[in-house]
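Please look over the protein model shown here before reading on.

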Amino acid sequence: MHAQVSSTHPLIARLGAIVGAANVLADATEREFYSTDVYRRGEMPLAVVRPGSAAEVARVVQLALENNLSLVPRGGGASYTDGYTPAEADAILIDTSRMNRILEINETDMYVTVQSGVTWAALNDALKAKGLRTPFYGPFSGIAATVGGSLSQNSVSWGTGVFGVSAESVLGFEVVLGNGQILHTGTWGSANSVPFFRHYGPDLTGLFTGDTAAFGIKTAVTLRLIKRPAEFLGLSFGFKDFESLAAGMTAAAKEGLNTINFGLDPRLQGGQLGKATVSDGLHAALAVLKSSRNPFDGLVQVAKIGLAGRSFLKGTIFSAHYIVEGVDKAAVRASAARLRDVLNPHGAEVAATVPTVVQAMPFMPLFNIRGPKGERWVPIHGILPFSRIAAFRKDLQAYYAANAERMRAGKVEYGAMFMTVSTNAFLYEPVFYWHDIRTINHERMVPAEHLKSLPLYEDNPAGRELVQEMKSGIADLFHRHGAAHLQIGKFYPYLRGRETEATRLIREIKAIVDPQRKMNPGALGL
């Protein structure tokens, strides 16, 4: 089927009868946008459908199965591992943006239930008004990233230092399976109960965390609640080299005290983060004032930012940034003091400009979809045990060196970001930048005024091909060192090297919940 005739296809009217004609997008430009992630475009879907409920999703699934069409759900559109890019032409792409209601905030039983299309930023705002929060409360892209999308991919950032990855804050799911039936997990699926508890027998909830919708489409999620901490403090440390950074971040992680942490290599310190956090000084200052404990404290923090600036990030050093939280000032000061004790042997403390601004603006505009000089951008990551960081780093640096001339010719550069996950894992995220044209995703997802300020580049197919080759090469390195991955999508080799019985079990689960194998084909390598 050709892209230009989709609007005349007989299924368009039938889809419109389910979700309303205005919620079926058959225009070629719209279909191109919704099937393009931050990195690249998938196959052209037949239509983009915007259901408003689990019942509507189930009816769409049943219609697709009757017509032998695959289904692909899409969250906020900020991912980059082919998670929602269709692997088969003429799929029905399900945009979850209309499923954006907060269904229940239960302050007595301490849980919140939301539709899957709610963004983390919207959820955080609603809970903040009640003095509550979810333990994990979103990725940096939470202004666009949805709860359902992040849990399908699994994600890290806000809350990760203490509470781990996104999946660890989930109590239950409402899921439309690949056979069109609706499932509730945890006590949500128990007679006479409510979705207050996850672990009642085998953990069915866990099957749908990180599945990239290979097993079903999440339509609602219940998350655990905690009291929102009253106080916070930020800490920043500079390190002379990666080895010092890794040692310091490892020591700090084992204390289990930081709500969030992230480390930056010199490339990211001086580029992308700077563009994202201080390009609008007035915006940052107003956000800090708004989030401070009182007006005087806000003025003090703004003054510190102005005085300290970001001069410490201009050198060729690595940096790590931390936020600690607590019930009162004494608690956060005690946590900060302990982190200083374990970080000081490895680095030097500097002004906490970055974490102060990041705390004030946890979900920043999506500036980083393009690089600081307007380049194309894509990350890749792996989660390693602390004992294997050094060996991976050595092999990665050798891989860059072996490809240095090709990277220069292709106008490709690299950087890296780092994070510790809870007390026992290290996330290493290499990042590529290269000169290349903008995609429809960039044109729509990057704030317009920011995009206007960036230079344009010519088409660079050689650079794109090299980035794709090196992404796969780095994935191979991660596999060699036993890394795990979030955001598996259709890129990371989930089944490669997996035990025979584990692979058999995954395939059999897929056959049960998606017997026609039409639910996001290619996800998890299935």
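Predicted model: local features only at pLDDT ≥ 70, side-chain atom pairs only at ≥ 80, totals over all residues.

Residues are numbered from 1 along each chain as its sequence is written, and side-chain values use heavy atoms, with hydrogens and water left out.

**The chain as a whole**

The protein chain holds 20 helices and 19 strands, where helices (H or I, at least four residues) and strands (E, at least two) are DSSP runs numbered from the N terminus. Of its 526 residues, 58% are buried; buried means under 20% relative accessible area, exposed means over 50%, and partly exposed lies in between, with a 1.4 Å probe and protein chains only. Among contacts between residues at least 6 apart in sequence, 75% join residues at least 24 apart, a contact being heavy atoms within 4.5 Å.

**Two open sheets**

Strands of a sheet pair through backbone hydrogen bonds, either parallel or antiparallel. Here two strands are taken to pair if DSSP finds at least two bridges between them.

Between β3 and strand β4 (residues 92-95) the pairing is parallel, over 4 bridges, and Leu71 has Ile92 in β4 as its bridge partner.

Another open sheet has 5 strands, in the order β5-β6-β10-β8-β9, and its pairing is antiparallel. The edge strands in this case are β5 (102-106) and β9 (182-184), each pairing on one side only. From one strand to the next, the twist averages 15°. Strand β6 (residues 111-115) pairs with β10 in the antiparallel sense over 5 bridges, and Gln115 stands opposite Ala220 in β10. Helix α3 packs on this sheet too, touching β8 (170-177), β9 and β10, and its direction makes about 40° with that of β8.

**Two helix pairs**

Two packed helices are described by the angle between their axes and the distance between the axes. The table gives these values for two pairs.

| Helix pair | Angle between axes | Distance between axes |
|---|---|---|
| α1 (residues 10-19) and α3 | about 160° | 9 Å |
| α15 (residues 389-402) and α19 (residues 461-480) | roughly 155° | within 10 Å |

Helices α1 and α3 are therefore roughly antiparallel to each other; angles under 35 degrees count as roughly parallel, over 145 as roughly antiparallel, 65 to 115 as roughly perpendicular and the rest as oblique. The contact is made by Leu11, Arg14, Leu15, Ala17, Ile18 and Val19 of α1 together with Glu56, Arg59, Val60, Leu63 and Glu66 of α3. These residues divide into 7 nonpolar, no polar and 4 charged, where Ala, Val, Leu, Ile, Met, Phe, Trp, Tyr, Cys and Pro count as nonpolar, Asp, Glu, Lys and Arg as charged, and the others, Gly among them, as polar.

Helices α15 and α19 are likewise roughly antiparallel to each other. In their contact, Phe392, Asp395, Leu396, Tyr399 and Tyr400 of α15 meet Glu469, Met470, Gly473, Ile474, Leu477, Phe478 and Arg480 of α19, and the residues divide into 8 nonpolar, 1 polar and 3 charged.

**Single residues**

Thr219 is placed in strand β10 (residues 216-224) and counts as buried because its relative accessibility is 1%. Not counting residues up to four places away in sequence, Thr219 touches Ala54, Val57, Met99, Gln115, Ser116, Glu174, Val175 and Val176.

Gly256 is found in the loop between α8 (242-253) and β13 (258-264), and its relative accessibility of 26% makes it partly exposed. Gly256 and Val421 are 165 residues apart in sequence, yet 9.5 Å apart in space, C-alpha to C-alpha.

Asn68, in the loop between α3 and β3, has a positive phi of about 60° although it is not a glycine. Asn154 also has a positive phi, near 70°; Asn154 is in the loop between α5 (147-153) and α6 (160-163), and is buried with a relative accessible area of 12%.

Note on methods
Axes fitted to C-alpha atoms, helices over the stretch in contact; angles between N-to-C directions.
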